[in-house]
Amino acid sequence: MKIALLSEKYTPDLGGLAISTGRLGESLSAAGHDVRLFAPTVNLPPTIKQTQRSGGVHVTRFGAHKRVDDTLVDWFELIVEEHKREPFDLIHAYFLPMAGFVGTYAGKYLGIPSVVSIRGNDIERAAFDPSKFSHVMYALQHANAITTNASELAKKAKAFINRDIHIIPNGIDTERFKPLEKNSVLAEALGLVDEKKKEERKFVIGFVGELREKKGLATLLSGYAQLTKTMPASLLIVGEVREGEDKKYFEEFKTANPQLSITVTGHVPHKDLPAYYSLMDVFVHPSLRDGMPNAVLEAMACGKTVIATPVGGALDVIEDEVNGLFVNVNDANELAEKIAEVLNQPEKRETIGRSAREAVLSQYMLEKELQANLQIYASLGVNL
C-alpha cells in the first residue's frame, strides 16, 4: 500500500503533532507500507522542495508562502504531481484546516480515499477562526473517514456534522518509555541537586512539552510557588516556553520569584525523554484544553504519578485516584495541594505509578494504534 501522509509538522519538528505523525509514519513503514510525507516549511523558499528519508519514511518538505492560500495550492499540486508519477492508494491527513482540506480535496479530485485525523486545536480553536472554518467543514463533510484520538474531540466534531468519528488513541513505545532508575548525572547537570542541603530531599515536579497558556502556564507556576512554601521542590520544564506573551509572563514570574528553582531544558530529542522522566517525583499537566497529550501517556508508561486537568484525552486515559489524579482547570491552590499530597505519600505515588503503566500496556500500545488505522484503510477498500 502506498500512502500520502500530510501534516503541517513532522519529526524532528517540535510538538505533539510532529510526534504523532512521525509515529504513524514509522509504524506504517515498519509494517511494510510505502509512506510519503508531505509538509510545508518556512525553512525553504516558496516553490523549492526537498525530499529525504527519515527512518522508513520519504519526507518531502516544500517552501511555504506568506499567503496561506498559495501554500495550499502548492500542496495540492504537489500531491497531484506525485500521484501521477507513482499512484497513491490512500491519503491520510493529520489536522483539519490545512492538511485535512488539501488531503480531502486531492482525494476527491484523484478518486482515491482520504482519511483525516482530528488532533486537538484543529477542532477546539481553528473551527472558531472564520478564515479556517470553511476548510474545517469541507474536511469534516467530504473525507472518506474521520479519526481522532479522544472521545471529547469526537463529541465536538459531531456537533459540527453527524457522521461516524473513529476514536484511535495515541500509542506509546513502552520499551523506550518505561520506569528507569534516576539519572543522577543528568540531575546534577540540570542543577537539580542541592549541594548545600544534600541531606534534605528536594522533590522534582516535571512538565514536558512547550509550556504556554493553553498548557496551564499560569496555573503551573502559581501552584508550584505555593507548594514551595511548605516543602522544598524544583520545577523541571523539559522543553521550551513559547515565545511571545507566554515567554514574557514566564520571565516576569521568575524575576518576581528569584528564590524558586526552575529549570528549562530547551528542546530535548524525543528519544532522550525517558531519562528526564526518571528525574521526576510527580508529573503535572494542567492544560486548559487538549487532545490526547503524548507526554501524559509517556509519563504514565514511565510509572509516574500524573496530575492533570479533566480535559480532552485525559478524560479517556486517567481514572482519578487509580492511575492518576485530576485537578480543576485554572485551580493553582488545588494543584499545589494535590502535589503536596502525593509527594508526602510515597506508597500512593508508587501504587498510582504502577497502575498508570499497566493502563498504557493494556490500552495504548503502538501496535493497537497501527492496527486501528489499518482497519480504517481496509474499510475504505484499500488492499493492504
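Analyst: A nonpolar core is a set of buried Ala, Val, Leu, Ile, Met, Phe, Trp, Tyr and Cys residues joined through side-chain atoms within 4.5 Å. Keep in mind that this is a predicted model.

User: Happy to start there. Which residues touch the most other members of the largest nonpolar core?

Analyst: In general, nonpolar side chains tend to be buried together in soluble globular proteins. Here the largest core has 38 residues, and Leu6, Phe38, Trp75, Ile79, Leu96, Ile118 and Leu140 touch the most other members. Elements that each supply at least two residues include β1 (2–7), α2 (68–85) and β6 (114–118). The largest share, seven residues, comes from α3. Apart from this core lies another, of 35 residues, with Leu186, Leu192, Ala314 and Val317 among them.

User: What does Leu6 touch?

Analyst: Leaving out residues up to four places away in sequence, the contacts of Leu6 include Phe38, Trp75, Ile79, Tyr94 and Val102.

User: Now Thr219: buried or exposed?

Analyst: Relative accessibility is the number to read. Thr219 counts as buried because its value is 7%, and buried means under 20%. This residue lies in helix α8 (residues 217–227). Beyond four places in sequence, Thr219 touches Pro286, Asn330, Asp331, Ala332 and Leu335. Thr219 and Pro286 are 67 residues apart in sequence, yet 7.0 Å apart in space, C-alpha to C-alpha.

User: And how should I read α14, and what covers its buried residues?

Analyst: Start with length: α14 (residues 346–363) has 18 residues and reaches 26 Å from first C-alpha to last, close to the 26 Å expected. Its buried residues include Ile352, Gly353, Ala356 and Val360, as well as Lys348 and Arg349. Their cover includes β9 (203–211), α11 (294–301), β14 (325–326) and α13 (332–343).

How values were computed. Residues numbered from 1 in each chain as written. Predicted model: local features only at pLDDT ≥ 70, side-chain atom pairs only at ≥ 80, totals over all residues. Heavy atoms only, no water. Helix = DSSP H or I, 4+ residues; strand = E, 2+ residues; numbered from the N terminus. Expected span 1.5 Å × (residues − 1). Buried < 20%, exposed > 50% of the residue type's maximum accessible area, 1.4 Å probe, protein only. Contact = heavy atoms within 4.5 Å.
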